Number of protein chains: 2
Amino acid sequence: MDFKFFNKKKQEDAPPLPERTSTDSEELFCYGFDASSMQGTPSAVVRPVTTDEVVQMVSFAHKQRKPIVPRGAGTGMTGGSVPLKDAVVLSLDSMNRILDVDEKNMVAVVEPGVINGHLQEKLEAKGLFYPPDPASMNFCTLGGNVAENAGGPRAIKYGVTRDYVLGLEVVLPDGRVMMTGGKTFKNVVGYDLTRLIVGSEGTLCVVTKIFLKILPLPGETVTLLCTYPALNDAALTVSKITASGIIPRVLEFMDKASVSAVEAYGRYGLPPDAEALLLIEVDGSKASVSEEVDRIASICASLNGRVSIAEDIFSRKRLWEARRAISPALYRIKPSKINEDIVVPRGRIPEMLQSLRDISEKFNVKIVNFGHAGDGNIHVNVMTDKNDKDEYERAGKSVKDIFEAVIRLEGSISGEHGIGLTKKQYIGMELSETGIEIMKAIKRAFDPYGIMNPGKIFPAT
Amino acid sequence: MDFKFFNKKKQEDAPPLPERTSTDSEELFCYGFDASSMQGTPSAVVRPVTTDEVVQMVSFAHKQRKPIVPRGAGTGMTGGSVPLKDAVVLSLDSMNRILDVDEKNMVAVVEPGVINGHLQEKLEAKGLFYPPDPASMNFCTLGGNVAENAGGPRAIKYGVTRDYVLGLEVVLPDGRVMMTGGKTFKNVVGYDLTRLIVGSEGTLCVVTKIFLKILPLPGETVTLLCTYPALNDAALTVSKITASGIIPRVLEFMDKASVSAVEAYGRYGLPPDAEALLLIEVDGSKASVSEEVDRIASICASLNGRVSIAEDIFSRKRLWEARRAISPALYRIKPSKINEDIVVPRGRIPEMLQSLRDISEKFNVKIVNFGHAGDGNIHVNVMTDKNDKDEYERAGKSVKDIFEAVIRLEGSISGEHGIGLTKKQYIGMELSETGIEIMKAIKRAFDPYGIMNPGKIFPAT
């Protein structure tokens with residue numbers, strides 16, 4: 001689909017929604033990349049505002065066998081919304097209404113363009129709670145969260161996006177509208193299409209409405225910061241806390257390089273001499289929170305951790321700003337980073353951190369680690385400079401070693417960022433040929449002409 | 001596949017595993033029905049003990065285009081394991097080893113024939129916890145739980161089987177072995193085949209190994225029994241408890257008829273004059289449990305409920321025996337029951353109970369209700385006598401009205417029992433043609449020759 005395609009004269013070939021369509025080169029540029037810093041160029045950007053408009057656009061693309069890329073806020077880390085092959089970007093950011101907050105049934109119904117943080121705010125004001133909180137929550141859309149099955153720090157206790165999606169309205173690649181699931185917390189009528197579509201990275205259909213399970217807001221939340229003179233003590237603390245029967249709502253890890261980067265970036269008051277840091281949060285009733293805080297503090301102390309408790313909302317917010325600043329802060333160390341999102345069984349974190357140190361030495365590259373230790377989900381950042389060709393090459397090569405270590409430790413090469421473009425060449429390391437074949441057959445069942453976000457997830461064959 | 005098929009002389013056509021195969025008519029009879037009381041007759045029963053034996057049998061069936069029905073303990077309520085078309089029953093009950101309880105990573109690895117309750121016992125002895133607890137937990141297999149996405153009373157707090165399955169080893173209909181997911185709590189590498197296979201009722205593949213997420217055993221559990229002089233007060237209590245921010249681990253409901261049936265059956269000490277009864281359980285730390293028990297007791301009392309607390313393990317066990325006895329006890333009222341497993345958004349339970357009273361009157365049939373009120377998941381039992389032709393016909397007709405009420409209230413016609421044979425004629429009430437078409441296309445992607453548990457879920461077209 002190219003410019004000419006959008007300027008065709010014949011009535012029956014004219015694309016729908018001209019008033020929603022832009023082919024300005026500035027816009028095409030802006031909608032050509034995402035947080036992965038991959039770059040494509042769409043042939044047009046279309047911004048539908050209703051399901052019916054999505055149907056019109058998708059039906060047209062289907063008839064013309066032209067590729068479509070659904071897109072939220074473009075905060076994805078693996079290039080899932082980067083358009084290939086002159087695709088049309090279908091930006092859902094204008095479908096941004098919270099349609100219903102049904103307190104009686106504890107269900108929120110939203111359009112895909114609603115910003116995650118906006119829903120959170122609206123719910124919290126009513127004493128309600130939507131747990132998934134990706135670091136980009138103030139920018140990313142719930143539609144994007146569904147496409148990528150987004151996680152976040154609270155996943156250790158509350159799970160990921162998939163655990164909250166009860167139902168979907170979607171537009172299939174041929175323009176048909178389909179409902180899956182609905183407002184009930186249980187449903188075993190036929191195959192679970194809802195959870196198949198969650199995490200499918202826009203390759204199966206376009207999501208136009210989302211039914212989300214919501215929870216009551218926990219009564220009490222306390223945040224602890226624990227700093228360590230040795231990395232391994234922090235890793236052991238993670239195992240010891242989870243083995244103790246406490247499930248904290250957050251159990252985040254930052255290594256020394258992350259802490260230094262964040263402090264250089266914003267002076268958040270983190271101790272720059274610590275070798276590692278844990279950010280821990282517990283929630284629940286006042287009684288249970290105070291009991292759990294005591295137990296956690298004594299576990300941390302027994303492993304040489306220095307504990308401080310964020311007493312007020314102000315200091316808690318400051319800690320979270322520091323945590324969310326890691327990703328931008330890392331660019332102070334080096335202008336480029338290769339960002340991986342690995343996950344290992346929780347008990348194997350110490351082995352994984354050791355492997356990362358070995359790989360860092362072997363390739364002579366700086367590797368910075370932080371993330372969701374409670375889940376075994378570590379964000380591994382290989383720091384590099386694209387202009388230093390030799391270093392950049394070494395950094396690129398280290399990725400395969402990192403993934404090999406992950407697979408050896410029974411882990412997964414992506415915990416919450418998806419595969420998109422940047423990891424597709426590696427999926428064969430984790431999935432068997434049979435698994436990939438079955439997935440491709442499912443893709444064909446939804447999208448026989450391959451118009452829906454082509455070139456993503458699966459390596460070219 | 002018939003007897004002759006199993007006695008073929010030509011070497012290449014001879015079925016594998018003769019030592020695991022039975023064609024005795026008694027066995028064929030026993031493996032022909034399940035808890036739905038539907039009856040079929042398999043051409044043979046094969047009991048593999050290894051994945052490789054499953055591969056041999058499935059490959060053979062694939063080559064011969066002969067149907068196969070995977071089966072656990074046959075406790076399913078909708079005929080999912082009843083063999084049609086002289087299928088071979090592949091009974092997984094001999095693959096019953098708990099392969100690993102990995103405490104460090106909080107993962108259990110089991111074969112499909114492991115009894116749910118056996119795993120529970122083994123885990124509890126180690127201070128660990130596998131929450132899903134279908135009423136048949138002392139008999140049903142984990143493979144069957146996976147096939148049906150089994151729930152149970154604890155689902156309100158802890159979710160259903162799907163929420164605990166991290167990965168699967170399966171044998172595809174052409175005999176290939178495929179791994180999905182694994183030991184990690186997060187994984188977004190390609191489509192989520194794991195959760196697609198959970199709940200697919202043996203129509204996509206044979207599950208041969210299951211990776212289950214396990215939790216620490218909660219420190220404290222308290223059980224409350226609350227009886228009501230009016231049904232509606234019990235329903236309001238459910239809404240009020242959940243709106244209060246407490247998530248009990250159990251919130252079960254029994255109507256008067258269920259209570260009377262159970263008391264007539266076993267003298268469990270339930271008050272036979274109560275119009276409704278709630279069985280409530282909370283768990284967690286000692287401090288939070290005691291706080292929540294107080295709050296729940298005061299909510300119950302404010303709605304005319306009489307609360308008693310099961311102080312010791314003995315009285316708690318007795319209450320649970322009563323709850324689990326409902327299903328057999330109902331046969332004291334009438335020799336047959338049509339058992340439905342509906343679910344509505346939680347806040348709509350009072351409307352649903354009213355609809356059920358109206359339908360009971362309209363068709364002049366006794367309807368007994370109990371179940372997981374906290375989830376909106378009610379087990380509706382239309383009591384009848386097959387020998388009373390007129391009544392049996394009226395009972396059968398009432399089902400459509402029940403499902404119509406469910407759909408009107410934005411509910412689902414099956415919460416945890418699946419579709420199998422008994423509900424397949426109704427799935428069009430809930431799913432669109434498009435939805436059914438996509439599901440069938442997925443079925444073909446796995447099973448192009450339709451040998452895997454044919455005739456289930458989808459109505460004949």
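The model is predicted, so local features need pLDDT of at least 70 and side-chain atom pairs count only at pLDDT 80 or more, whereas totals for chains, interfaces and linings use all residues. Residues are numbered from 1 along each chain as its sequence is written, chains are lettered from A in the order in which they are written, and side-chain values use heavy atoms, with hydrogens and water left out.

**Stop 1: chain B against chain A**

Select both chains and display the residues in contact (heavy atoms within 4.5 Å). Chain A contributes 75 residues and chain B 76 residues. The buried area between the chains is about 6,000 Å², with 64% given by carbon and sulfur atoms; buried area is the accessible area (1.4 Å probe) that two parts lose on being put together, summed over both. On the chain B side, select K186(B), V188(B) and Y191(B): these residues lose the most area to chain A, together 17% of what that side buries.

Next, show the charged pairs. Ten salt bridges are counted between chain B and chain A, where a salt bridge is a side-chain nitrogen of Lys or Arg within 4 Å of a carboxyl oxygen of Asp or Glu. One to centre on is R176(B) with E437(A), whose closest N and O atoms are 2.8 Å apart.

Between chain B and chain A, 21 residue pairs are in polar contact, both residues being at pLDDT 80 or more.

By class, the side of chain B that touches chain A holds 32 nonpolar, 24 polar and 20 charged residues. Here Ala, Val, Leu, Ile, Met, Phe, Trp, Tyr, Cys and Pro count as nonpolar, Asp, Glu, Lys and Arg as charged, and the others, Gly among them, as polar.

**Stop 2: domains 1 and 2 of chain A**

Select residues 3-91 of chain A for domain 1 and 98-216 for domain 2; domain bounds come from an automatic or database domain assignment. The centres of these two domains, taken over C-alpha atoms, are separated by 23 Å. Domain 1 brings 14 residues to the contact and domain 2 brings 18 residues. Together the two domains of chain A bury about 1,100 Å², 67% of it on carbon and sulfur atoms. Zero salt bridges are found across this interface.

**Stop 3: single residues**

Centre on S37(A), in the loop between helix 1 (25-30) and strand 2 (44-46) of chain A. Phi of S37(A) is near 60 degrees, a positive value in a residue other than glycine. S37(A) is exposed, with a relative accessible area of 54%; exposed means over 50%, buried under 20%, and partly exposed in between (1.4 Å probe, protein chains only).

Move to I457(B), in the segment after helix 15 of chain B. I457(B) is not a glycine, yet has a positive phi of about 70 degrees. I457(B) is buried, with a relative accessible area of 0%.

Finish at A125(B) in helix 3 (residues 116-125) of chain B, which is exposed at a relative accessible area of 70%. The C-alpha atoms of A125(B) and L217(B) are separated by 9.6 Å, although the two lie 92 residues apart along the chain.

Note on methods
Polar contact = N/O pair within 3.5 Å; in protein donor to acceptor, adjacent residues only side chain to side chain. Helix = DSSP H or I, 4+ residues; strand = E, 2+ residues; numbered from the N terminus.
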